[in-house]
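Grab a pencil and open the viewer.

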Amino acid sequence: MPAPKPMAGRALLVTSAALLSLSFAAPAALAAPTPSTTPSATPPAGMSTVGGTRLGQPGTQVNLAAGVPALPGDLTGRSWIVSDAESGEVLAAHNAHWRLPPASTLKMLFADTVLPRFPKSTPHRVVPADLAGIGAGSSMVGIKEGQTYTVRDLWLGVFLRSGNDAVHVLAAMNGGVEQTVRDMQDHADELQALDTHVVSPDGYDQPGQVSSAYDLSLFARSGLQKKDFRDYCSTVRAEFPGDTTKNAKGRQVRGSFEIQNTNRLLSGDTDVPVYQGIAGVKNGNTTNAGATFTGVAERNGRVLLVTVMNPEKKEHNEVYKETAKLFDWGFQAAGKVSPVGELVPPKGAVGAGATPSATTAGKADTSAKPVAAASAQGSGGVGVALAVAGGVVVLLAAAAFLVNRRWPLPDLVRRRTRP
């Protein structure tokens with residue numbers, strides 16, 4: 001773990017950032033196209049401009065000034081984004097607001113919405129209705145009717161095995177699938193994730209269910225502010241409750257089996273080593289969505305988020321390979337590259353009734369045209385006039401968001417060697 005920054009300096013940064021955030025209106029979205037189950041081969045010409053006008057432009061957006069490393073030349077994801085998880089600066093993006101099927105990465109929104117509502121020790125006995133409506137071919141952790149599980153068990157099933165059965169049980173505890181979908185959509189709207197249309201809580205392919213690389217990064221950033229979320233998404237292996245049987249003495253005993261996280265940058269695979277500094281977050285894969293992934297990693301006190309959606313290259317573990325390349329680039333470029341946009345804060349952090357706009361905070365360059373991923377030169381950052389607006393309540397709300405997002409990542413996976 002890097003040494004913590006002095007509190008006085010951090011407080012000054014928080015206050016300054018809070019003041020700065022008040023000088024800009026929240027970003028806005030263009031009229032969104034009607035969601036589709038199967039994405040087109042090319043991004044729409046006009047996409048949302050939440051977080052900055054450049055993020056609404058098709059193609060790669062990056063400012064490759066002197067001293068900034070070139071982006072990897074073999075990226076094939078339909079959409080991707082690299083951002084600083086704490087400052088919110090978007091370092092580079094490619095079709096960031098393209099509305100695409102999210103697969104199980106949508107479970108990040110599910111968790112961020114529902115996780116705070118039930119203590120982890122709460123037991124729940126599964127009834128048949130809890131498991132109704134699970135899509136054919138869904139990923140499952142192995143929940144059985146008539147068995148009792150704690151909320152912690154269920155969340156481990158969601159994060160490690162992407163279990164749609166665990167999602168449906170938790171949704172049943174939350175008032176049912178329909179209520180949970182409404183709650184998730186409301187929370188997405190609060191986070192200003194305006195590309196997202198929720199149809200199922202588990203991310204299973206459904207007509208009209210879409211999100212974007214930008215929105216998935218917002219979900220991860222919000223969820224990672226919660227300790228339980230951080231703990232679950234960083235867990236590599238866990239014991240999961242199995243069947244209840246009778247032993248040789250006739251006593252009932254509960255068995256268990258091991259589950260492993262399917263995030264290959266966290267658990268490793270034959271062609272993908274554990275990524276240095278990785279600490280979550282969530283992967284997904286369905287027929288319509290292809291492979292999707294959002295990851296968070298930390299090096300030398302810098303915390304980055306990378307989201308990649310649906311690489312056209314269909315090699316084994318390609319989404320993780322492209323994510324790792326973007327992490328490598330992000331850690332090399334951070335502090336050198338001018339941002340092209342920002343991850344916006346929730347509505348409540350910029351004042352009640354705030355409406356989105358196309359403006360971004362800080363030194364984000366929103367004026368330049370798209371650039372080629374590996375070679376083109378972006379224009380420099382534009383100056384910002386600091387204008388403080390709003391009352392004390394708005395200031396405190398913004399400051400609270402900035403304080404709360406400076407979360408400590410779990411240390412157990414940071415310095416692990418490959419298994």
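**Exercise 1.** Work out how many of the 11 residues of helix 3 are buried.

*Solution.* Start with the cut-off: buried means under 20% relative accessible area, exposed over 50%, and partly exposed in between, using a 1.4 Å probe and protein chains only. Next, go through the helix: Val 151, Asp 153, Leu 154, Trp 155, Leu 156, Gly 157, Val 158, Phe 159 and Leu 160 are buried. That makes 9 of the 11, so helix 3 is largely enclosed by the rest of the structure.

Bear in mind that this is a predicted model, where local features need pLDDT of at least 70. Residues are numbered from 1 along each chain as its sequence is written.

**Exercise 2.** Find out how helix 3 and helix 4 pack.

*Solution.* Two packed helices are described by the angle between their axes and the distance between the axes. Angles under 35 degrees count as roughly parallel, over 145 as roughly antiparallel, 65 to 115 as roughly perpendicular and the rest as oblique. The two helices are therefore oblique to each other.

**Exercise 3.** Which residues of helix 3 meet helix 4?

*Solution.* Look for contacts, meaning heavy atoms within 4.5 Å. From helix 3 you get Val 151, Leu 154, Trp 155, Gly 157 and Val 158, facing Ala 166, Val 167, Val 169, Leu 170 and Met 173 in helix 4.

**Exercise 4.** Is Gly 137 buried or exposed?

*Solution.* Gly 137 sits in the loop between strand 4 and strand 5. Its relative accessibility is 82%, so Gly 137 counts as exposed.

Methods: This is a predicted model: local features need pLDDT of at least 70, side-chain atom pairs count only at pLDDT 80 or more; totals for chains, interfaces and linings use all residues. Side-chain values use heavy atoms; hydrogens and water are left out. Axes are lines fitted to C-alpha atoms, for helices over the stretch in contact, and angles run from 0 to 180 degrees between N-to-C directions. Helices (H or I, at least four residues) and strands (E, at least two) are DSSP runs, numbered from the N terminus.
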